[in-house]
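Take a look at the model below.

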Amino acid sequence: MITIKSPSQIELMRKSNRIVRDTLEMLRESAKEGVCAYELDRKAYEYITSQGAKPSFLHYHGYPASVCISINDVVVHGIPNRKTYLREGDIVSFDVGAVLDGWHGDAARTVGVGKIDKYRQQLIDVTKQCFFEAMKVVRPSARLGDIGQAVQKYAESFGYGVVREMVGHGIGREMHESPDVPNFGVAGRGIRLEEGMVIAVEPMINMGTHKIIFDADGWTVRTQDGSVSAHYENTVAVTADGYDILSL
Ligand code: MF3
Ligand code: CO
């Protein structure tokens, strides 16, 4: 079932998403060479809880940390640990979720550590633009396939792989609600968007093929070919005349 959010509920979701946004900004500024991933996770936990919110990933289906930190060939769901340090040239995806007064926020950003090569920078930029390509089609009566096609077309025009198995999602009182929001598809197919739907749109783009593998920890998702991957996500409300990005 897809839940429709009222304007006042959307304002509550903006509050949790602002905490997510500010946490991501803090992580971006902290993402320097030599910094420990576990330290970043702890800082995110401190900030989110200081705002009266809860990190929604912590203990979600047993997930052991507050945020996901996915470096280089890790696509998503990298678990921050004490042994992982950021190195110059890495690309790092931060994924943050927070719940405030029962309403969820979810967003992700990918950043470079120090000086990164131009191919990696292009992957980061194109992944972000994939999200904004999707926004160009979001409005009531547009279809989910319009979003998928917009992302896929743009990413593939650079020769990149669009991850298939992991998708965006509805969001609200639960972090993951209906519908699934794939980053690939055919325009004109899929359910129609309606005013008051809130979705997390989250392109995950690989420099190589779209294929992924899971680590033995059951969480960490990597590219099968070892190429680097980027992730960009925002929580978006469908409005009467288009969209409202709640996590910007
Ligand atoms: N942003 C991710 C998602 O949309 C968050 C899930 S990470 C988990 O699926 F650890 F909580 F599972
Ligand atoms: Co999400």
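## About the model

This is a predicted model: local features need pLDDT of at least 70, side-chain atom pairs count only at pLDDT 80 or more, and totals for chains, interfaces and linings use all residues. Residues are numbered from 1 along each chain as its sequence is written, chains are lettered from A and ligands numbered from 1 in the order in which they are written, and side-chain values use heavy atoms, without hydrogens and water.

## Around ligand 1

Ligand 1 is surrounded by 13 residues (a residue is near if one of its heavy atoms lies within 4 Å). The closest are D95, D106, H169, H176 and E202. By type, the shell holds 6 nonpolar, 3 polar and 4 charged residues. Here Ala, Val, Leu, Ile, Met, Phe, Trp, Tyr, Cys and Pro count as nonpolar, Asp, Glu, Lys and Arg as charged, and the others, Gly among them, as polar.

Some atom pairs form polar contacts (N or O atoms within 3.5 Å). A polar side-chain atom of D106 lies 2.9 Å from a nitrogen atom of ligand 1. The side chain of H176 has an N or O atom 2.8 Å from an oxygen atom of the ligand. For E202, a side-chain N or O atom is also 2.8 Å from an oxygen atom of ligand 1. Alone, ligand 1 exposes 330 Å², and the protein buries 95% of that (areas use the Shrake-Rupley method with a 1.4 Å probe).

D106 lies in strand β5 (residues 103–112) and E202 in the loop between β9 (198–201) and β10 (204–206), so the pair ties together parts that are 96 residues apart in sequence. Strands are DSSP runs (E, at least two residues), numbered from the N terminus.

## Backbone details

A cis peptide bond joins S178 and P179, with omega about -5 degrees. P179 lies in strand β8 (residues 177–181).

Notes: Polar contact = N/O pair within 3.5 Å; in protein donor to acceptor, adjacent residues only side chain to side chain. Helix = DSSP H or I, 4+ residues; strand = E, 2+ residues; numbered from the N terminus.
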